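Please keep the structure in view while reading.

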Amino acid sequence: ADEYTFKLNKATTTTKYWICTIKDCAAKVHTDSNNGLMKSVGNHSHIPGKEKLEVHEAREKMTYLKRTFLTLNIPA
């Protein structure tokens with residue numbers, strides 16, 4: 001969210017509670033079960049980590065592609 005990274009702290013059937021990945025940062029967000037932003041809580045005590053976010057997104061894409069192509073049943 002806004003070029004900051006968060007990690008999932010808790011989830012219920014309707015809401016996900018995220019905390020900033022930077023230790024001692026008070027910023028949190030709440031999303032619905034589809035990751036739609038519902039609420040922001042607190043302020044970040046640091047600048048955004050755009051590069052870290054780009055790396056994370058690239059890793060997610062690679063993991064998705066790996067799972068997708070390794071599970072295909074393509075005859076040799």
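This is a predicted model: local features need pLDDT of at least 70, side-chain atom pairs count only at pLDDT 80 or more; totals for chains, interfaces and linings use all residues.

**Strand pairing**

Strand 1, which covers residues 6-11, pairs with strand 2 in the antiparallel sense, and 5 bridges are found over this pairing. The two strands, strand 1 and strand 2, form a hairpin in which 3 residues lie between them. Within this pairing, lysine 7 has isoleucine 19 of strand 2 as its bridge partner. Strand 2 is also joined to strand 3 by 5 bridges, and strand 2 and strand 3 likewise run antiparallel. Here tryptophan 18 stands opposite valine 29, a residue of strand 3.

**Loop residues and backbone geometry**

Aspartate 24 is placed in the loop that runs between strand 2 (15-20) and strand 3 (28-32), and its phi is near 70°, a positive value in a residue other than glycine. Asparagine 35 lies in the loop between strand 3 and strand 4, the latter spanning 37-41, and phi of asparagine 35 is near 70°, again positive in a residue that is not glycine. Histidine 46 belongs to the loop between strand 4 and helix 1. The C-alpha atom of histidine 46 is separated by 20 Å from that of tyrosine 17, and these two residues are 29 residues apart along the chain.

| Residue | Relative accessibility | Class |
|---|---|---|
| Aspartate 24 | 70% | exposed |
| Asparagine 35 | 43% | partly exposed |
| Histidine 46 | 22% | partly exposed |
| Glutamate 57 | 39% | partly exposed |

Aspartate 24 counts as exposed because its relative accessibility is 70%, and the class requires a value over 50%. Histidine 46, at 22%, counts as partly exposed, since a residue is called buried under 20%.

**Surface charge**

Which residues gather in a patch of negative charge on the surface? The patch is made up of Asp2, Glu3, Glu51, Glu54, Glu57 and Glu60. One of these residues, glutamate 57, is found in helix 1, which comprises residues 50-70.

Methods. Residues are numbered from 1 along each chain as its sequence is written. Side-chain values use heavy atoms; hydrogens and water are left out. Helices (H or I, at least four residues) and strands (E, at least two) are DSSP runs, numbered from the N terminus. Buried means under 20% relative accessible area, exposed over 50%, partly exposed in between (1.4 Å probe, protein chains only). Two strands pair if DSSP finds at least two bridges between them. Patches are made of residues with over 30% relative accessible area and no salt bridge: like charges are joined within 9 Å, nonpolar side chains (Val, Leu, Ile, Met, Phe, Trp, Tyr) within 5 Å. Accessible areas come from the Shrake-Rupley method with a 1.4 Å probe; for residues, only the protein chains shown count as cover. A salt bridge is a side-chain nitrogen of Lys or Arg within 4 Å of a carboxyl oxygen of Asp or Glu. Lys and Arg count as positive and Asp and Glu as negative; His and the chain ends are not counted. The place of a charge is taken as NZ of Lys, CZ of Arg, CG of Asp or CD of Glu.
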